[in-house]
Amino acid sequence: MSADPPGSDPAGLATATGRAAARDLLAFYLEAGVDALLAEEPVDRLRPEEVPEQVFAQARAPAPAREAAPPTLRTPAVRPALDRGGNLPGMSTAHGPGAPAGSPAGAPAAPEEAVMAAREAARSAATLDELAAILARFEGCALKATATRLCFADGTPGAPVMFVGEAPGRDEDIEGLPFVGRSGKLLDRMMAAIGLDRHAPGDNGAYIANVVPWRPPGNRTPTPLETQTCLPFVLRQIELADPDILVCLGAPAAQTLIGTKEGIMRTRGRWFTIHTGKREIRAIATLHPAYLLRQPLAKRLAWRDFLAVKAALAERTR
Ligand code: URA
């Protein structure tokens, strides 16, 4: 019999059965994607009494007057596409610096306010370093609160080709760099097969980023609002990195950056023209390396896409 006073071991961890039950529960959480401990006590953010008062104050605050905002700052549709002028949304609009006023770190800003702040903040960056610093201070996306680190970019800025994925995974979150885990290693091998190395200087280099630069908890898909809030930053990143060729890795990146509504199997391998705000560049979508790890037979399709990228790069220098 335990000598502990009643109630001192509410989880029953002192017994083998209790410990086994706790292990099972942890395994269940892990499978459900809960793989990070943020606090000792759970917080039910849907219960009003558990949400900090500032969040309600912010939610109650009147939305910024539409007349006060320049017309170019209107919130675009959740799934952006090329606008009528052929521009990527947010790339050809005027922005100034800013972040959601009064947003405590990790607190959700009003959606429209967060997107507008993101656009202004992204537009205010004159260099990639400035953009990274602005993004690191940006409080408009709740993913920042659960991610360990910002994964801004890796590789060679100014390289002729830029690869963009969806969002960092666990390894990326730990290292603070995109595509460094298993899918990143496969991406490196695929790049090497067409003569690219993310760290090589000049024409053999590659620049790598994600649409969303913070890891969604448990690698879940970023919500449309999270994607929309991060979009101005990646658009500005593409504009400042100024690649000749953009390669979208997987459907979410393709749908977000190329604006296609079709699935990746229909989109992959086709060339698109996008306007970065600075100039028109060529864009192509291919299968995400994580998908190729699960479906190795699909590598032959990705290989065709990579050969198309190689040919386009060679054409560029002719
Ligand atoms: N998957 C992505 O889309 N991006 C990464 O950085 C890693 C995995």
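Predicted model: local features only at pLDDT ≥ 70, side-chain atom pairs only at ≥ 80, totals over all residues.
1. Let's start with the neighbours. The residues surrounding the ligand are Gly-165, Glu-166, Ala-167, Pro-168, Glu-172, Pro-178, Phe-179, Ser-183, Asn-210 and His-288. Sorted by class, this shell holds four nonpolar residues, four polar ones and two charged ones.

2. Asn-210 places a polar side-chain atom 2.8 Å from a nitrogen atom of the ligand. With Phe-179 the backbone takes part: a backbone N or O atom lies 2.9 Å from an oxygen atom of the ligand. As for cover, the ligand taken alone exposes 230 Å², and the protein buries 92% of that.

3. Finally, a friendly word on confidence. The mean pLDDT of the chain is 81, and 72% of the residues score at least 70. Over residues 51-106, pLDDT stays under 50. For that stretch, the model has 102 contacts beyond four places in sequence, so please read those contacts together with the pLDDT, the predictor's confidence in each residue.

Note on methods
Residues numbered from 1 in each chain as written. Heavy atoms only, no water. Near = heavy atom within 4 Å. Polar contact = N/O pair within 3.5 Å; in protein donor to acceptor, adjacent residues only side chain to side chain. Areas by Shrake-Rupley, 256 points an atom, 1.4 Å probe, with all protein chains shown as cover. Nonpolar A, V, L, I, M, F, W, Y, C, P; charged D, E, K, R; others polar. pLDDT = per-residue confidence, 0-100. Contact = heavy atoms within 4.5 Å.
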